[in-house]
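The text starts with whole chains and then turns to single residues.

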Amino acid sequence: MFFLTTHRIRKTCGSHLAACCTGALFFFLFLCKPVFADQAENDSYELKAALLYKLALFIEWPKTAFQGNEHSFGLCVLGENPFGTSLDIVKKRSINSRKINVRIFSKADEVKKDCHLIFLSQSNQQSVKQALLVLSLQPILTVSDISGFAEKNGMIEMITIDDRNGFRINRQVLQQAGLKAAASLLQLSDIVGDKQ
Amino acid sequence: MRCYKKELLVYGILAVILWPTTTLSNEKRLEGYLDMPLQDLLAVKVISVSKKSQTIDEIAAAVHVITNRDIHRSGATNIPDLLRMVPGMNVAQIDANKWAVSSRGFNGIWADKLLVMIDGRSIYTTLSGGVYWDIQNIPLEIIDHIEVIRGPGGTVWGANAVNGVINIITRSANDTQGGALNVIAGNEESRVTYLYGNRLEKNIHYRVYADGLNHDSSELTAGGDARDSWDMARAGFRADWRMPGRQQFMLQADVYDGANEKTSSVDSLTAPFNTRVETEEEVRGVNMQGRWQQTLSDNSKTTFQAYYTHDERDALEFDDKRDTFDLDFQHQLKVGKNQEIVWGIGYRHVEDDTRGSRLVSAQPASREDKLYSVFIQDEIILQPDHLRWIIGSKFEHNGYTGFEAQPGTRLLWTPDKQQVVWGAISRAVRTPSRANQDFIITNTFAAFPVPGVIQVSGTETYKSSTLIAYELGYRRQFNRAMSLDSALFYNDYEKLLGTASGAAVCQPSATPPPCLLPGDTHLLIPSTFVNNVSGNTYGVELSIDWRPSDRWHVQTSYSFLKLSLDSAVDSAIDETPEGLSPKHQLSLRTSVELSTSTEMDIWLRYVDELPAINVPSYTEMDLRLAKDLSKGLELAVVARNLLDSSHAEFITTQNSIPPTEVERSLYLQLLWKI
């Protein structure tokens, strides 16, 4: 519609071409329903679900963390679950020969002792500090992709650099909870909050 | 018949890319991830969806963020080319080393209504108010993102942020660790960049880079070599400290040295009066910048910044040495539950040394100016999660016009989580540049009985141009895959640049023409820069971001612009900006992941005609194909401006640059993370 006005000077192929392109564009944008609407976001969480599983393999928990339930590993989510069906697939695997138990909590004080790793989703943005205070009472690995998580005393922040995933680890907080990160994981990550 | 071929080519490509690619089933892919070693998982490419939109939602302005992914996928090799994807930005390449870049109209080689900064350091030249884009060629790999705000930013950023603010933010040293080598080899451009980053101690990261570039000359519209090739060598470093007590310190410096081929003009009273000479323009300079941020508490954060720049540009007709020293302090303070106040003070000292020629000179040749500024802005939450009101102003005292005030107010309404409506009324000011007040430009031409001399001079009484802008915007997130951003504006300008002619007089006798007295050497036709143009502009900007699938991303932007100016003397020349702005512009980018290691990007652009300089409308296309050869090694093939062997984008009336065209080009790029 916009390009049907006549031009005073020589018209190059350009404007007719632009009209066709605009037409094609609007046809595809507004007549074709956007398909796979949620897929783009879901797939980045697919990758994060796999990364959560891997993280658990590189962290050592204190013996007290498994007292009472030697054979299960609690993989928990605080807030809205962004992983969709991905955690159901991760659940089929095991961590250090322990069965994975997936739990979803909406409030930090509801989190039970049988969680060993907890992922704070984006819906926790306004209450990260309070949630971390409550969780610091137990030996739970706190992970999140909320921007600035490591600086706010979260243990592992999932960041994106150059289109690729990375970790930012707050070593101090991790050690204070009695957890230990394998040297090979530390080498691949950005470390903050080092004491010495 | 040429038309047909182009259309078929475009339709063909559109058909191929718009056909959804097959995807693996979710479960199979996740199982694959779970089997990979951690290192390989961290090398898988991520599509970050919401990072951009989260920050934009809170801003009551027409803002567009060019992410580093956009930069990487665009195939662009310089900043002006990147700006073409932003609605409302007018980008036109004049020749191989010069661009006209503006926001919402008034484009030209000395487009002066745009404030451009790198990490908060102003990069426009106080000589003309425009930006020398040839010396802003920092390696694109060190840019984290570019924030483009169309519309006045005077309230926070001060004078010259009349039609827009561009802030190019570079990556912190933490994000560029390790070594990287980027090699570009093409028929128009060759470039080698080496980057290296490391840690000094646990909390100090640094990076250094060295870059060399050579750009070939382009074609004249009339045919023949345009003699506009250029070479630039650059090096720089950046260091970031994270200190205890929530303090961050950043230090960076750059140094550059280069040369452009150009066509200069020599003006004289004897025949042939005005000759074109092929010469070289040499540029060199250094800049240093430091920033100290301290988070005093959860409610209070201060930033202190200082920078120094030294730029030299030597051309046959004019030499310029410019020193700028700037100090800035800013404090962000949360007051109560519902208010956030930002205030700041600044001081800038600019000193220059120029050497002119008969063609162009500055009177006085040397000048020192001080700029004092203070600003305050209050953001008040009238209704939590729904209504926010922002009011503020910047007050400046400068060496050209004295005291200037730039107040503004904005309102942000969030009816629900998916929509944002914002409105703004602001005042912005464009203070005179050195050229407006001090330049004398002479042009001699043959006449009878003595040559005629047109002389345009700046005057001390040249005032600031003012703008009152009314803006309205709407943003909507339709679903996880599609979002829309639109803005409407109406700009009311006063005291814009125009010229006023004086009576022609024979020199040196000072008698009226005809110049028959024996002592007279020329007829002087004087003219001065005056603020006698006013008018208004209005337009619409629209951008849509759509992800039809996980492997396919479509980004489109459209802008409409209409200028109507009035010169007090009804001068056609003064109303030229009307015909220098394109009425319609469209950009369509589509990014496809053909496989986990191959990507394809297509960028289609349409820019409407510029009737004042007889530049027709054009449609162009860039194509980029990239493949990960192995971990950390990426090969890309980029073809630019494919649709025409060459096309014109801009002809400048203010320089002796002959009309030059942008040519079709091809380059190969190897990005190797060592």
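Contact here means that heavy atoms lie within 4.5 Å. By that rule, 61% of the contacts in chain B with a separation of 6 or more come from residues 24 or more positions apart. In chain A, 57% of the contacts between residues at least 6 apart in sequence join residues at least 24 apart.

The model is predicted, so local features need pLDDT of at least 70 and side-chain atom pairs count only at pLDDT 80 or more, while totals for chains, interfaces and linings use all residues. Residues are numbered from 1 along each chain as its sequence is written, chains are lettered from A and ligands numbered from 1 in the order in which they are written, and side-chain values use heavy atoms, with hydrogens and water left out.

Chain B contains 8 helices and 36 strands, and chain A contains 6 helices and 10 strands. Both kinds of element are DSSP runs numbered from the N terminus, helices being H or I of at least four residues and strands E of at least two. The C-alpha trace of chain B spans about 95 × 65 × 50 Å along its principal axes. Its radius of gyration is 26 Å, which agrees with the value near 26 Å that a compact globule of 674 residues would have. That radius is taken over C-alpha atoms, and the globule rule is 2.2 Å times the number of residues to the power 0.38.

A residue is buried under 20% relative accessible area, exposed over 50% and partly exposed in between (1.4 Å probe, protein chains only). Of the 674 residues of chain B, 57% count as buried; in chain A, buried residues make up 52% of 196. Accessible areas come from the Shrake-Rupley method with a 1.4 Å probe, and for residues only the protein chains shown count as cover. The accessible surface is about 27,200 Å² for chain B, with 60% belonging to carbon and sulfur atoms. For chain A the surface is about 9,700 Å², with 53% belonging to those atoms.

One buried residue of chain B is D119(B), at 3% relative accessibility. D119(B) sits in the loop between strand 4 (114-118) and strand 5 (121-122). Beyond its neighbours within four places in sequence, its contacts include N167(B), R238(B), R291(B) and Q305(B). In chain A, K112(A) is also in a loop, between strand 4 (98-105) and strand 5, but K112(A) is partly exposed at 45%. With the neighbours within four places set aside, K112(A) touches R103(A), F105(A) and Q138(A).

What of the aromatic rings? Rings of Phe, Tyr and Trp (its six-membered ring) pair if their centres lie within 6.5 Å; planes under 30 degrees apart are stacked, over 60 edge-to-face and the rest tilted. Over all chains, 13 aromatic pairs are found. F83(A) and F119(A) form an edge-to-face pair, 5.0 Å centre to centre with 65° between the planes. F83(A) is in the loop between strand 2 (72-78) and helix 3 (86-90), and F119(A) is in strand 5 (residues 117-120), 36 residues apart. Both F83(A) and F119(A) are buried. Y538(B) and F560(B) form a tilted pair, 6.5 Å centre to centre with 50° between the planes. Y538(B) lies in strand 28 (residues 522-549) and F560(B) in strand 29 (residues 552-567), so the pair ties together parts 22 residues apart in sequence. Y538(B) is partly exposed at 37% relative accessibility.
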